[in-house]
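Hello,

Here is the structure I promised to pass on to you. Please have a look at it first, and then read my notes below.

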Amino acid sequence: MVWKNDGNCCGVRTWLHLQSVSADGTRLEGEPVRLLTQDREWEGGVVEAPTLIKRGRQYVLLYSGGPYHTDAYGIGYAVADHLTGPYIKAPAPLMTTDTLSGSVRGPGGQDVVTGADGRDRIVFHGWSADRSRRMMYTADLSFSGGRLTVGAGPASQ
């Protein structure tokens, strides 16, 4: 299981953790492993909404950062050769209001799904144009050479 401590509520570090669960999924087992924490300006003091996938021989940990109620919310990722890390963050966020040319404001809360065609897509939420609600969006996603890239999209659902 990958989870976040709620450090941003209390002015302490927020960490994304990895921890084993029992076979029936009802109990935590062992000690949590710290994977990464907020240390980039764009993260605005919080990392949350972890999504962990494996592509080829590498693990990719996607996460959201920044204040979700603003255009500053975004999606970042880090890559590791081993499940428990160390995870190396990409030099810049994967998706932000700016990288999406304002077509989605404050993207975050992502997940990765693989379609029947075998292609990955990132599913995420962002503010509607009038900022009255958060909507779901999808975009093509690819991983090559240790880097994620977002392709066609985003399309609202």
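To start with the terms for the sheets: strands (E, at least two residues) and helices (H or I, at least four residues) are DSSP runs, numbered from the N terminus, and two strands pair if DSSP finds at least two bridges between them. Please keep in mind that this is a predicted model, in which local features need pLDDT of at least 70 and side-chain atom pairs count only at pLDDT 80 or more, while totals for chains, interfaces and linings use all residues. Residues are numbered from 1 along each chain as its sequence is written, and side-chain values use heavy atoms, with hydrogens and water left out.

Strands 4 and 5 are joined by 7 bridges in the antiparallel sense. Among the bridge partners are Val-47 with Gly-65 in strand 5, and Arg-55 with Gln-58 in strand 5. The hairpin of these two strands has 2 residues between them, and there Gly-56 takes a positive phi near 65°.

Strand 5 also runs antiparallel to strand 6, with 7 bridges between them, and Tyr-63 stands opposite Gly-76 in strand 6. How much of strand 5 is buried? Of its 8 residues, 7 are buried, where buried means under 20% relative accessible area, exposed over 50% and partly exposed in between (1.4 Å probe, protein chains only).

Two threonines are worth a look. Thr-51 sits in strand 4 (residues 47-55) and counts as buried because its relative accessibility is 7%. A polar atom of its side chain lies 2.8 Å from the backbone oxygen of Gln-110; a polar contact is a pair of N or O atoms within 3.5 Å, where within protein one must be able to donate a hydrogen and the other to accept it, and residues adjacent in sequence count only if both atoms are side-chain atoms. Leaving aside neighbours within four places in sequence, Thr-51 is in contact (heavy atoms within 4.5 Å) with Val-60, Leu-61, Leu-62, Gln-110, Asp-111 and Val-112.

Thr-70 belongs to the loop between strand 5 (58-65) and strand 6 (74-80). With 22% relative accessibility, Thr-70 counts as partly exposed. The side chain of Thr-70 reaches the backbone oxygen of Pro-67 at 2.9 Å. Beyond neighbours within four places in sequence, Thr-70 is in contact with Gly-106, Trp-127 and Arg-131. The C-alpha atoms of Thr-70 and Trp-127 are 8.6 Å from each other, with the two residues 57 apart along the chain.

**Aromatic pairs**

How many aromatic pairs does the structure hold? There are 4, counting rings of Phe, Tyr and Trp (its six-membered ring) with centres within 6.5 Å; planes under 30 degrees apart count as stacked, over 60 as edge-to-face and the rest as tilted. One of them is Tyr-68 with Tyr-73, edge-to-face at 6.3 Å centre to centre and 80° between the planes. Tyr-68 is partly exposed at 43%, whereas Tyr-73 is buried at 3%. Another pair is Phe-124 with Tyr-137, which is stacked because the ring centres are 5.7 Å apart and the planes are at 20°. This pair links distant parts of the chain, as Phe-124 is in strand 9 (residues 120-127) and Tyr-137 is in strand 10 (residues 134-144), 13 residues apart. Phe-124 is buried at 2% relative accessibility, and Tyr-137 is buried at 7%.

Strand 1 is joined to strand 2 (residues 15-21) by 3 bridges, and Trp-3 has His-17 in strand 2 as its bridge partner.

A search of the whole structure finds 1 disulfide (a pair of cysteine sulfur atoms within 2.5 Å). This disulfide joins Cys-9 to Cys-10, with 2.3 Å from S to S. Cys-9 is exposed at 51% relative accessibility, and Cys-10 is exposed at 53%.

Best wishes
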